[in-house]
Amino acid sequence: MFTPQGPTLRELAVQALSSVERGYDLLAPKFDQTPFRTPDIVLDPVARTLRSSGPYENGLDLCCGTGAGLGVLREVCTGRTVGVDFSVGMLQVARGEEPTASYVRADALALPFAPAFDLVVSFGAFGHFVPGQYGELFSQVHQVLRPGGQFAFPLPAPARPGSRGYWAMLGFDGVMRVRNAVWRPPFVMYYRPFKLSDVRRELGRTGFDVTLRALPELGERPDGSPRCRLVVATRR
Ligand SMILES: C[S@@+](CC[C@H](N)C(=O)[O-])C[C@H]1O[C@@H](n2cnc3c(N)ncnc32)[C@H](O)[C@@H]1O
């Protein structure tokens, strides 16, 4: 999963003992060599799906990191593309990789934008929010979208209980809970709580109509359901 060009175990440990913001500042130069960067095998089907419902005018990549989602926005948006993240280090790398986008340093829970966007995407970042924050997060996105604008993000199906993925995620979340119980500042990163049923209910409560698009390129589960869906929430 990690390459020789990626972070060392020591660097990862230092990062994991920092705050989320500081941790990503430290990881930024090597972030693209880690499995945490959303890979093209996920970005490409999302771009293909959004192309069929686009084009959109202005696009925002929420928690953009080094800019994985900005390539998607470049493909489907005709106007401005903006990346927002609270890590200066990640924004610096993104600026080098996608120089045509604009970048804003801000907390996703306090977005400093008017309702100017037609599309907001987000990849790989929801684990940094606890369930009690989903409502505020979605209402921030709602406020920066124009009426009829869309918030789109891929959501993998939960791992089957007893599978390797299930135990890996359970183990990871367990380690993070212990770490956060004994160490300050906290590093919030939990894989399991961001579940479709809760997310759907919270998006509806915030003022979105939700539809799901299958991403067939990402495969099927044994029961034939998609391994990953694109959640498309439209501002009423
Ligand atoms: C796992 S990285 C994902 C980066 C990129 N979206 C990708 O898919 O490769 C998570 C990103 O979320 C950012 N982030 C986490 N919490 C945030 C918050 N409250 N406000 C803004 N950015 C946040 C981190 O700084 C980091 O860049």
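This is a predicted model: local features need pLDDT of at least 70, side-chain atom pairs count only at pLDDT 80 or more; totals for chains, interfaces and linings use all residues.

Modeller: Residues are numbered from 1 along each chain as its sequence is written.

Biologist: Why are strand 3 and strand 6 said to stand at the edges?

Modeller: The open sheet has seven strands in the order 3-2-1-4-5-7-6, with mixed pairing. Strand 3 (102-105) and strand 6 (208-214) each have a single partner strand, so one side of each lacks a neighbour in the sheet. Strands here are DSSP runs of E, at least two residues, and helices are runs of H or I, at least four, numbered from the N terminus.

Biologist: What makes strand 1 and strand 4 a pair?

Modeller: Two strands pair if DSSP finds at least two bridges between them. Strand 1 (residues 59-62) and strand 4 (residues 117-122) have four bridges, in the parallel sense, and therefore meet that definition. The bridge partner of G59 in strand 4 is L119.

Biologist: Which residues come nearest to the ligand?

Modeller: They are T38, C63, G65, F123 and G124, of 21 residues around the ligand; a residue is near if its C-beta atom, placed from the backbone, lies within 6 Å. Helix 2 (20-27) and helix 4 (68-76) are the elements that give two or more residues to this shell.
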